[in-house]
Amino acid sequence: MTVSSQKFGMLIGGIVPALVFGINGIINKLVVQTGLSLPLYFIAIGLGCVATGVVSYFLCADRRYTKTSALYACSTGCLWTVALMLSAYAIDVYKIPIGKLVPLYNMNTLVAVFLALWLFKEYKNVRLVPLISGSALIIIGGIIVTKA
Amino acid sequence: MEYVGLLIGGVLPAFLFGFSNTCNKLATQNKIGVGPFLILFGLATLLVGMISFFLFPEIVFVWKGASLAFMLGVLQMAATAGIIIALNSYKVPNGKLVPLFNMNTLVAVLLALWIFSEYKEVEVVELLIGSLCIVIGGTLVARA
């Protein structure tokens, strides 16, 4: 795998999703503002997801799955849905500006990295200085956003 | 009151999104193609949506909201397809992708300030500084 192809991977799996997820944060609030009830909101999202999944099933040749991977895919879906539902609920009921929620829920980098250290045994070759300074920055950032 | 909302809509989702971003990696490690992944993700979303009827029994249907929600699902899956392909075919470490796509903070915050005029409700400078700290911190942590 050459360097440039890994860069392409970072583009389609990092930069493009960053733009899309940012826009989705906005759509989240737009949907809540329409007054659509939460269960219907999430059923409509689910239909959108399944439709895209079916299209990609025919487009992509790679149709492998195992019992374990299927279970993880379902877990991703459940966790993501509950998280988004909680944010929608906070917008709806507590009238929290979406601009405050997005930075907070994107502190998830910290959670994902610490889980990776543990699950994938990445702690064996971790560098402590960036880990601790980065974690501190995330938490300080979170506190500042909360007070903003 | 506001702190409860920030906890429910911000801190709790941070943990759940963190777990779900890890499950992406676990799924691809156990071999899964984009199509099956997206379909299963969508079915899980449908299931959670249906279960939530028990919590929120009130039914309000708005076409505009439903079509926006549908679009959110399509966009989310299109971007997730990119993540799965990057993990599967380009072997990009998950630790590099997560901080990258979490830069969506900056996109969302700027759009929210503009589209919803949220600058009237928040301290803009603090919000931007805090968001930047989180994004930079994420990049540092992932490079550790």
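Ring pairs join W80(A), F37(B) and F41(B) into a cluster. The model is predicted.

Me: How many aromatic pairs does a search of the whole structure find over all chains?
Reply: The search covers the whole structure and takes in all chains. One of the pairs is formed by Y89(A) and F56(B). Over all chains, the number of aromatic pairs is 10.

Me: Is the aromatic pair of Y89(A) and F56(B) stacked, edge-to-face or tilted?
Reply: The ring centres of Y89(A) and F56(B) are 5.8 Å apart, with 45 degrees between the planes. Stacked rings need planes under 30 degrees apart and edge-to-face rings over 60, so the rest count as tilted. The pair of Y89(A) and F56(B) is therefore tilted.

Me: Why does the pair of Y89(A) and F56(B) join two chains?
Reply: Y89(A) counts as partly exposed at 26% relative accessibility, and F56(B) is partly exposed with a relative accessible area of 23%. F56(B) lies in the loop between α2 and α3 of chain B. The pair joins two chains because its other member, Y89(A), lies in helix α3 (residues 67-94) of chain A.

Me: What is the area buried between chain B and chain A?
Reply: The contact takes 116 residues from chain B and 114 residues from chain A. Carbon and sulfur atoms give 79% of the buried area. That area is about 10200 Å².

Me: Which element gives the most residues to the side of chain B that touches chain A?
Reply: Across the interface, 19 residue pairs are in polar contact, with both residues at pLDDT 80 or more. Elements giving two or more residues to the chain B side are α1 (2-29), α2 (34-51), α3 (63-88), α4 (94-101), α5 (104-115) and α6 (124-143). By class, that side has 74 nonpolar, 30 polar and 12 charged residues. With 25 residues, the element that gives the most is α1(B).

Me: Which residues of chain A does S20(B) touch, not counting residues up to four places away in sequence?
Reply: S20(B) is found in helix α1 of chain B. Its relative accessibility is 2%, so S20(B) counts as buried. In chain A, S20(B) touches T76(A), L79(A) and W80(A).

Me: How far apart in space are S20(B) and L7(B), C-alpha to C-alpha?
Reply: S20(B) belongs to helix α1 of chain B. In sequence, S20(B) and L7(B) are 13 residues apart. C-alpha to C-alpha, the distance in space is 18 Å.

Me: Is K91(B) buried, partly exposed or exposed?
Reply: K91(B) lies in the loop between α3 and α4 of chain B. Though not a glycine, K91(B) has a positive phi of about 50 degrees. Its relative accessibility is 53%, so K91(B) counts as exposed.

Me: What is the phi of K31(B)?
Reply: K31(B) sits in the loop between α1 and α2 of chain B. Its relative accessibility of 47% makes K31(B) partly exposed. The residue is not a glycine, yet phi is positive, at about 65 degrees.

Me: How many residues of helix α4 (residues 98-105) of chain A are buried?
Reply: Among the buried residues of α4(A) are K100(A), P103(A) and Y105(A). The helix is mostly covered. The count of buried residues is 8 of 8.

Note on methods: Residues numbered from 1 in each chain as written. Chains lettered and ligands numbered in written order. Predicted model: local features only at pLDDT ≥ 70, side-chain atom pairs only at ≥ 80, totals over all residues. Heavy atoms only, no water. Contact = heavy atoms within 4.5 Å. Buried area = accessible area lost by both parts, 1.4 Å probe. Polar contact = N/O pair within 3.5 Å; in protein donor to acceptor, adjacent residues only side chain to side chain. Helix = DSSP H or I, 4+ residues; strand = E, 2+ residues; numbered from the N terminus. Nonpolar A, V, L, I, M, F, W, Y, C, P; charged D, E, K, R; others polar. Buried < 20%, exposed > 50% of the residue type's maximum accessible area, 1.4 Å probe, protein only. Phe/Tyr/Trp six-rings, centres within 6.5 Å; stacked < 30°, edge-to-face > 60°.
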